[in-house]
Structure formats: structure tokens, C-alpha cells
Amino acid sequence: MIVQKIFRDNICFLSGCQRSGKSLLAALLPSIKKIEILNKEPILGSIFSMYQTGELDNKATKYLLSFILSNVNYSNFLGRKINLKKNDETSIYHLLNYREHLKKITVNKKINFKKIKNKKTIIYDTHNILLNLNLWTDLNKNFKIINVERHPVNLIYSWYKNGFGNFRYSPISQILLYKYKNKLVPYYALKWKKRYVKMRELDRIINIIYSLTKKSDLEYKKFKYKNKILRIKYENILENPYENLKKIEKFLKHKSKIFFNKYSKKIKFDNKTSENIIFKKLSLIKKNSSKDSHDKVHELINLYSKT
């Protein structure tokens, strides 16, 4: 199978667990002048999830991912997939150069593929890429990842408040689910589904986050091309947003101005955490989970403090 490669060297994946804080960074990234359209394509996550569970083989996965990325890039270049909903996360109106994209809608000119150029960075928002870095390296050795990581207590608490330990059927669900004994099991708990269905809600959440974090950390340690990955903590973005944007600009090798003042209002500073808040959340978590889960939470906290 011939793999398509439209603008593939311009792609940067914005990755992390669900509720890790990617949305905050996604709202700030357009302040960097050379950032292009933010893309949310849930099918990328579905394909990756199916690959992780063995539903798709390596060859089919690589082809499908490349096909989708190339076609989305091409459609954006033509103005075919432009999001005009002003308050939506992927709206072109968040971009500094949104007028350039508006012009594409009315242009009726034949495209010369040999002259297609794009030096800006195209962002794809997805989940858990660190679970299998070799797959993405095989797809394109020039890929880049910004991985957003959140304090494990805040992450576990957020999952709990959003019902991520007790999945129900939804027509808009973006998580690959399986049915076992009339209960829905997320793909990342499939290998231990028998234990999953017997667990309390918070024990499920803790064990899922523990397994995702440990596997991601192991993959990262083994990965040769660490310069392709920028790991950023959500709490640090809240504390020092401009400094973290400068890190991203340097990571992407852009020498462009950051229009931070224009985007700073998107930061909800009341989301800042403190030791007292962490303590209260941790107390609630321990009250509603097992001793084994407590040990895993503390292991995650130690791991987070070292990264």
C-alpha cells in the first residue's frame, strides 16, 4: 500500500491522558504566530486504540493513520474542513492568521502539488501517544509530540468527578469500549477486565491511570529520540504560561513572536492547585478506594515529582 505524506513533517501531536489539561494548552498555542489549525480527529484515537488491543495490525494501522493525516492536511489547505464556529476549540477564529483561511473558502484555483508548501506547525489533539512511540516513529521519523501531564491526584479526582470509572453507552463516546458481563470496559482495562468489573469506581480509575502512566513512562525511557518529545506539566502551564509557550516555540524551532496578552484571558487561574487542595482530594480518594490503590497513588505522585 502506498502511504500518503501531505505536510507530514509539519505535524505536532498534542497528547496526554483524558482530563490531563490539553484543552488549556490548545487554547494558548495559537498565540505562537507559526501555529496552524488545531485538529481534533477522534478516529485517530480509535485506530490507535484498536491497534493497542490487536484489532488492527501494524500495516493497516500505519496506512489508515497516514491516510487520515494527509487528507485532513490537504482539506485544510483547500479550506474544505475549516471550522467557522467562533467559540469552538478548533475554530479558525482563534488563529492569528484566520483571514488567510477565510480566503480559501472562495478561492477556485487548481492546486499544483509540486508547489504546495507549509512551514507552519499543524496541531493534532489526541490521546496517549506515549503508549507506543515506535508506531509513530515508523509512521514518520520527523514527528513531534507535546505531552501534557497532570498531578496524579488532580487527574484521578477529575476522572472521578467526570464519571470515568463507570462508563455508560453514549452515541458520542470517543473511547473504545468492550462489553463484559453486561458492563462496559474501556480498552485500556481489557486485559484485566475480570478485576475491573469487580472494582469500586475509584479503584478502577486509579488502576487505569497507573497502568497508562507506567507503560508510557517505560516507553519514554526506552525511546531513542527524546528530542522529539516535549513533556509539560499542566500545573506549570497555569503557574508560568508564557515561559512554557517559549519552551514550545523553541521545541518547534519557530522564531516567531508570541502574542500572549491576546490569549492570556483563556487561563482560568482559579484552577491553580495547592498543597491543601491536593491533601483534601487525596483524602477523598483514599476514603473511597482500597489499600492497594493507595500504594499506587503514592507511586504515581513520586513518579510525577521526578519528571
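Okay, ground rules before the tour. What we have is a predicted model, so local features need pLDDT of at least 70 and side-chain atom pairs count only at pLDDT 80 or more, while totals for chains, interfaces and linings use all residues. Residues are numbered from 1 along each chain as its sequence is written, and side-chain values use heavy atoms, with hydrogens and water left out.

Let's start with the sheet. When I say helix or strand, I mean DSSP runs numbered from the N terminus: H or I over at least four residues for helices, E over at least two for strands. And two strands pair if DSSP finds at least two bridges between them.

So, what order do the five strands of the open sheet take? Reading across, β2-β3-β1-β4-β7, with parallel pairing. As a reminder, strands of a sheet pair through backbone hydrogen bonds, either parallel or antiparallel. On the edges sit β2, residues 35-40, and β7, residues 229-233, each pairing on one side only. From one strand to the next, the twist averages 20°; angles here run from 0 to 180 degrees between N-to-C directions, with axes as lines fitted to C-alpha atoms, for helices over the stretch in contact.

Let's go through the pairs. β2 and β3 run parallel, joined by four bridges, and Lys 40 has Asp 125 in β3 as its bridge partner. β1, residues 11-15, pairs with β4 in the parallel sense, again over four bridges. There, Leu 14 has Ile 146 of β4 as its bridge partner. Then β4 is joined to β7 by five bridges, also parallel, and Ile 146 turns up again, standing opposite Leu 230 in β7.

β2 is mostly covered, with five of its six residues buried. In β7, four of the five residues are buried, so that strand is largely enclosed by the rest of the structure.

On the helix side, α3, residues 58-78, packs on the sheet and touches β1, β2 and β3, and its direction makes about 125° with that of β3. Contact, by the way, means heavy atoms within 4.5 Å.

Next, Gln 18, in the loop between β1 and α1. Buried or exposed? Gln 18 counts as buried because its relative accessibility is 12%. Leaving aside neighbours within four places in sequence, its contacts are His 127, Asn 128, Leu 155, Trp 159, Phe 164, Ile 175 and Tyr 188.

Points are joined across faces, edges and corners, and a volume is the space filled by probe spheres set on them.

The largest pocket has a volume of about 1,400 Å³. Its lining takes in 45 residues, and nearest the centre are Gln 18, Arg 19, Ser 23, His 127 and Phe 164. α2 gives the largest share of that lining, five residues. By class, we get 14 nonpolar, 18 polar and 13 charged; Ala, Val, Leu, Ile, Met, Phe, Trp, Tyr, Cys and Pro count as nonpolar, Asp, Glu, Lys and Arg as charged, and the others, Gly among them, as polar.

How many cavities of 30 Å³ or more are there? The structure holds three. About 340 Å³ lies in the largest cavity. That one is lined by 23 residues, with Cys 17, Asn 147, Glu 149, Thr 213 and Arg 231 closest to its centre. The largest share of its lining, six residues, comes from α8. By class, the lining of the largest cavity has eleven nonpolar, eight polar and four charged residues.

Most residues other than glycine have a negative phi. Lys 181, in the loop between β5 and β6, has a positive phi near 50°, and counts as exposed because its relative accessibility is 62%. Lys 253, in the loop between α10 and α11, has a positive phi near 60°, and at 73% relative accessibility counts as exposed too.

That's the tour, thanks.

Note on methods:
On a 1 Å grid over the protein atoms alone, a cavity is a set of points where a 1.4 Å probe fits but cannot get out, and a pocket is an open set with protein on both sides within 12 Å along at least five of seven lines; lining residues have an atom within 4 Å of a point. Buried means under 20% relative accessible area, exposed over 50%, partly exposed in between (1.4 Å probe, protein chains only).
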